[in-house]
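Please look at the sequence and the 3D view before reading on.

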Protein chains: 2
Amino acid sequence: MSNYIWVPIVVGVLAIAFAGYLASFVLRKDTGTPAMQKVANAIFKGAMAFLNRQYRTISILSIVAAIVVAAVLYLLSNGDSPTKFDLAWRTAVAFLIGAFCSGVSGYIGMYVAVKSNSRTASAATRSLGEALMVSLRGGAVSGFLVVALSLLGVSIIFLLYSIGNSIDKVPSLIVGFGFGASFVALFAQLGGGIYTKAADVGADLVGKLEAGIPEDDPRNPAVIADLVGDNVGDCAGRGADLFESTAAENIGAMILGVALYLATKNPGWILFPLVVRAFGLIASAIGLLYVRPSVVIEPDKAAGRDPGEIAMKQLNIGYYITCVLSVIGIFVGSYLMLGGQNLSAHNLPAWAWFGLAGTVGILLSIAFVFITQYYTAGTWRPVREIAGATLTGPATTIITGMSVAFECTALPILAIAAALGLSFFFGSQVSIPISVATNPGVINVGGIFGTAVATMGMLMSCAYILAMDTFGPITDNAGGITEMSGEAETVRDITDALDGVGNTTKALTKGYGIGSAALAAFLLFSAYLDVLYSYKKNPTVYSVDLANILVFIAALIGLTLIFFFSSLAIRAVGDAAKRMIEEVRRQFRENPKIMAERVEDRVDPDYARCVDISTRGALHAMILPGIVAVFTPVIVGSVLGPQAVAGFLMVGTMGGIVLALVLNNGGGAWDNAKKYIEAGYLRVNAQGEMIGRNDTTGTVLGKKSEAHMASVVGDTVGDPFKDTAGPSLHVLIKLLSTITLVLAPLFIALHP
Amino acid sequence: MSNYIWVPIVVGVLAIAFAGYLASFVLRKDTGTPAMQKVANAIFKGAMAFLNRQYRTISILSIVAAIVVAAVLYLLSNGDSPTKFDLAWRTAVAFLIGAFCSGVSGYIGMYVAVKSNSRTASAATRSLGEALMVSLRGGAVSGFLVVALSLLGVSIIFLLYSIGNSIDKVPSLIVGFGFGASFVALFAQLGGGIYTKAADVGADLVGKLEAGIPEDDPRNPAVIADLVGDNVGDCAGRGADLFESTAAENIGAMILGVALYLATKNPGWILFPLVVRAFGLIASAIGLLYVRPSVVIEPDKAAGRDPGEIAMKQLNIGYYITCVLSVIGIFVGSYLMLGGQNLSAHNLPAWAWFGLAGTVGILLSIAFVFITQYYTAGTWRPVREIAGATLTGPATTIITGMSVAFECTALPILAIAAALGLSFFFGSQVSIPISVATNPGVINVGGIFGTAVATMGMLMSCAYILAMDTFGPITDNAGGITEMSGEAETVRDITDALDGVGNTTKALTKGYGIGSAALAAFLLFSAYLDVLYSYKKNPTVYSVDLANILVFIAALIGLTLIFFFSSLAIRAVGDAAKRMIEEVRRQFRENPKIMAERVEDRVDPDYARCVDISTRGALHAMILPGIVAVFTPVIVGSVLGPQAVAGFLMVGTMGGIVLALVLNNGGGAWDNAKKYIEAGYLRVNAQGEMIGRNDTTGTVLGKKSEAHMASVVGDTVGDPFKDTAGPSLHVLIKLLSTITLVLAPLFIALHP
């Protein structure tokens, strides 16, 4: 065992300490006026109640799953009894630890996030800089905990399992950790996604369209449920998603490193992913610390200093700092661990080639930032096209939006294809003195490791990205609290601006999540084939041949699963939203005082009931899609065999990537088309045709216009796309990888 | 050369004569009242004007494409100059003949179809039986011409090209015919699909929603364009689609037969697909002749004899007759041509195994009929779910519809997977004494031929299915003519019922089209690999390995092309519809007399301008998606190589199948949810909740209710899905197959 294993462990512990420091920084801030605290407490209570109930359900499901996995591996896999027993218990324990770590990071991260919202609102009464720092640091607690616990979990299990085992055997013993993390992530994302959109759709349709009250108005019974939903969906859900991304990617890359370790006896190949992730944590921490009040110029509308633009710029600078440091980190890591100059080729040393591969991944993450902005920001064609289509009603709004959603798959996929091809090429330039005994020679080990290094590079900034993501619900809630507690307009300007920035960062995180999942897909798939080879010792396992009818059929089923799963996720939102709509209508009908004309006559609606409806709806509705997602790969692998399930996994993953892009970007574009109109940018000439947003000769069609109504329909349709089905697909495709990795022994035993 | 080649040629000629008989039968019918003729003439003029302009554009594109293909094959492929020249000119000539035959069958078929509508309307004044027979036979002209010309074209070119060639070389020389057919089909379907939906969306949004006039009201300026659109989209478009289906499937199956011919020296393996298709034509003709007035019980509402149910039942009986005869035909064909008992295995003779494989295909076509009905008919859950969602507005209508659309991929794909697996299994039971010299042994020739036989079985009923499809626009137009010429209600009852049946048969045809395309995908893909092997003589070409990074990248791009292409198709409709909406609004605004209160004060709107806008919009908008579809496979194959393009083709095809199911069935379900409401089936109780359609305690929410408005939005969104993008995807996936087959020599030359 190399000493390098201590790097991720020490950095992981330090990162948790750093998260603790950030939490105490945020929690020491004042909690705002009593009015703010009242709203914040209602959100806190609702969020924690949901999380407690959700994690209780997930715990039970996890324990059952761990027992089933252990029993299946013990009873149905090949080998002698002690070997099988060893595999079974280690997988089950790793599964439970993975599930537990994912749960803990989600829970604590969200605890701090929902404590940060009123503090952000309060800070906004003082300055933009302080509000930005409080909300970003509140989000960073979640970000650093997620990455640190994922890294620590994998590193420590690796350390423990390597006692008495040669280290090349260990990576495939810890795949259970990844499966546990995916399992929790699936239900966390599904439950959170259904919760948030049931509340949002309900609040919007009845509140905005029927009752005609603004967003976040305290008279809307679903408003607290909506604010709670932003936390449980974006913070807890996305946190669990990226927890498993990092875990699965680490483990997959370590499995790939085994062949290289066996060839070179350098354990650096196996430990490299963990060390690079540790470097990424350091880079993210430095990037995060850069964002502080002293670098923020305070806004001044008269001088053209828009608070949103200022905040976005600072977040971007922090991100670029993280990226630059990541590039340095990946070159340093390659130099130290991947044999230095020893494996040089083509006049360049190996570390330079792998460093370049890692840089490709980092560049891909930046490319995704720009592409996502192009498709979801109001300054570009796609959103403006949708805004223009609202002039002819909701039908053309939807048609144009679907057209944009389908279109927006092209650029990201080309970027992913280029990144995969380039990083594979860079990796394949490294000549690795691999022996025929350990490697059948049918695959290009260096090239595949190159794609793994690119994935590592992309995921180095994960903690920073997650901080920006959780920044989203915190600022959204701060906006809601400011609105509901009736603060001054200057304060609302700041929280509204931060809320807008948060919408952008949430969209970026989704792009980042799907981009890294796409990049990781090839390495996870290759890791699965490595695992098959380790059992079968037959080089033909490395060929997943689509011309084989079973592979073809499995691939077709994999693609269909993606659509069917999305259908279940969307339907779950529809069902839960329907109950919410009925409840909100009932409250307005039975309690007219909620909408009393004079403010002093008004009574508060029954927020708790709406929270409860969302909670029960989400917990109930997440079960069926979850079960379908877990059992389909098991059935396909058991019936059609290990090669067929590889085809299932691969084409299913491709489908998941493409459909998630459609759902995420389509939803984001509709959302921002609505915001475009609400911001007063939709102008028409005398013939009713759309003209430029700054062309003052036209008439502005703003809130409550027919066009706005149509845009609200588009936004509502996009809600379950971008916040439930799309993000759940991220998790699904990684679950497919980890489940096939864990159950490979079963598939092989059934199809010897 | 075997004498069997004369079977398809003789039957093909007889089928054309039969189409001529049907045409003269229809044309001899009376053309109705002067009011009917006036409308019918306007439709005829619009349809023919569009078709003339469209085919002129397609002709130019085809000639350019033929020259380019010939030049590329001559200049860039491998081999000596005479071989290359031979390949180049034969491919180009076959291409042009394929394009020409496709065009001719579309043109004549549509000529008769638009001549049948007023005759059907007139027949409806006399009896349901006569109206049914006239409209079905009018549609059958197109159906029989399409299949006969496709069969004759392939057979005659085969006969001619086999002069001086050994017949195993011929199938790959005639792939150009399939490419020509796909090329025309792509533009015919795109142009027709864009035309019909631009007109439909425009007519619905302004006419129904804004002006509040019923469908097919003569005051709507877009009404004639809408009626024309039904013809050019459903009749000409779907005809071209299935023309190329049958052509590509025939050629692909013949290529697969080459290896079996070389092994057994029995030319039956190569000619079998043509003979089976000929048997299918006979079966379809008998099924069609069954439907005649003497078997139709005239409707009587009082006695519960619904005209729609009666008509649907007769069409179904005719279809089942065709299926039963097809089963017999495929067993007989197998017995005569596939070596009889000589190749027996497992105690069953070879012909029995292949007969069973063919039966699987026929059963799949029937399964698709039921699945499509389940998802798009108002009697089942999916449509009723959407109808229920209209109660909470357009947003939930769209969300529920998308959920249904995504869901409806599961059953068809499972049916396809089962059919592929079973037919492969049946085929692989035949032990074929194949020599290692001619077959590398890496593939299961019998199994793959089994899937080909299943596809042949499914496509045997093609002429009948196409007759039912074109029946759709004829009855739709007859309904419009009856409405616009102010006929009595009893007549309208019949044409409305036939129109409703036509909607069902159109949906069934789309299901049939995608099902047969899916089944054919595996055989076309295998044929491509056979072609690669014939050049490279290296058995590794038979493995399309997804673990190869280039194949992986190409597959990802293939899947993305499907979405991007759909986006372009949908956007094209949006653009053309927008111009239509503006024109209709302009006419209402500038000429208020159109909507004058008293009928005698009214003036006709300017129909011709709307027809012209649709025509120009469609011709202009079909170019970009067409170019993208043609060039992407060329670029992928040239850059990434022949194996990668196989992955591109395969995963792209899977994506096309799944997305076409989503778009077709989603659109169909929205359409029928609207019809469900218009039929007065949507009932709510006092709490506003949906109750059973026959529960008379509730209130009916019918036309002009809020729920109906929402359902119109859903229908409008579904229009470009089901009639433009979805059907165009059918064509696209087959184009990908034929283009890679034709350009295989290029890809091999660039990647030796």
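The sections below cover confidence, salt bridges, aromatic rings and a surface patch.

## Model and conventions

This is a predicted model, in which local features need pLDDT of at least 70, side-chain atom pairs count only at pLDDT 80 or more, and totals for chains, interfaces and linings use all residues. Residues are numbered from 1 along each chain as its sequence is written, chains are lettered from A and ligands numbered from 1 in the order in which they are written, and side-chain values use heavy atoms, leaving out hydrogens and water.

The model scores ipTM 0.93 and pTM 0.94. Chain A has an average pLDDT of 89, and 97% of its residues score at least 70. Here pLDDT is the predictor's confidence in each residue, from 0 to 100. Where pLDDT is low, the predicted coordinates should not be read in detail.

## Salt bridges

A salt bridge is a side-chain nitrogen of Lys or Arg within 4 Å of a carboxyl oxygen of Asp or Glu. Over all chains, the count is 64. One of them joins Glu407(A) to Arg571(B), with the closest N and O atoms 2.9 Å apart. This pair crosses between chains, from helix H12 (residues 394–407) of chain A to helix H16 (residues 549–590) of chain B. Helices are DSSP runs (H or I, at least four residues), numbered from the N terminus. Glu407(A) counts as buried at 6% relative accessibility, and Arg571(B) counts as buried at 18%. The cut-offs are under 20% relative accessible area for buried, over 50% for exposed and in between for partly exposed (1.4 Å probe, protein chains only).

Within chain B, Lys675(B) bridges to Asp671(B), the closest N and O atoms being 2.9 Å apart. Both lie in helix H19 (residues 642–678), 4 residues apart, about one turn of the helix. Lys675(B) is partly exposed at 30%, whereas Asp671(B) is buried at 9%. Arg492(B) pairs with Glu483(B), the closest N and O atoms being 3.7 Å apart. In chain A, a network of salt bridges includes Lys197(A), Asp200(A) and Lys510(A).

## Aromatic rings

Rings of Phe, Tyr and Trp (its six-membered ring) pair if their centres lie within 6.5 Å; planes under 30 degrees apart count as stacked, over 60 as edge-to-face and the rest as tilted. This gives 60 aromatic pairs over all chains. Why is the pair of Phe177(A) and Phe243(A) tilted? The ring planes of Phe177(A) and Phe243(A) stand at 35 degrees, with centres 6.1 Å apart, so the pair is tilted. It links helix H6 (residues 175–211) and helix H7 (residues 223–264) of chain A, across 66 residues. Both Phe177(A) and Phe243(A) are buried.

Ring pairs also link Phe95(A), Phe179(A), Phe183(A) and Phe187(A) into a cluster. Elsewhere, the charged end of Arg693(A) sits over the ring of Tyr681(A), 3.8 Å from its centre. That of Lys115(B) sits over the ring of Phe44(B), 4.0 Å from its centre. The rule asks for NZ of Lys or CZ of Arg within 6 Å of the ring centre and within 35 degrees of the ring normal.

## A nonpolar surface patch

Residues including Tyr74(B), Trp89(B) and Val93(B) belong to a nonpolar patch on the surface, with about 620 Å² of accessible area for the whole patch. Such patches take residues with over 30% relative accessible area and no salt bridge, joining nonpolar side chains (Val, Leu, Ile, Met, Phe, Trp, Tyr) within 5 Å. Areas come from the Shrake-Rupley method with a 1.4 Å probe.

H3(B) gives the most to the patch, with 4 residues. Val93(B) lies in helix H3 of chain B and is partly exposed at 33% relative accessibility.

Terms used
Helix = DSSP H or I, 4+ residues; strand = E, 2+ residues; numbered from the N terminus. Patch = residues over 30% accessible without salt bridge, like charges linked within 9 Å, V, L, I, M, F, W, Y side chains within 5 Å.
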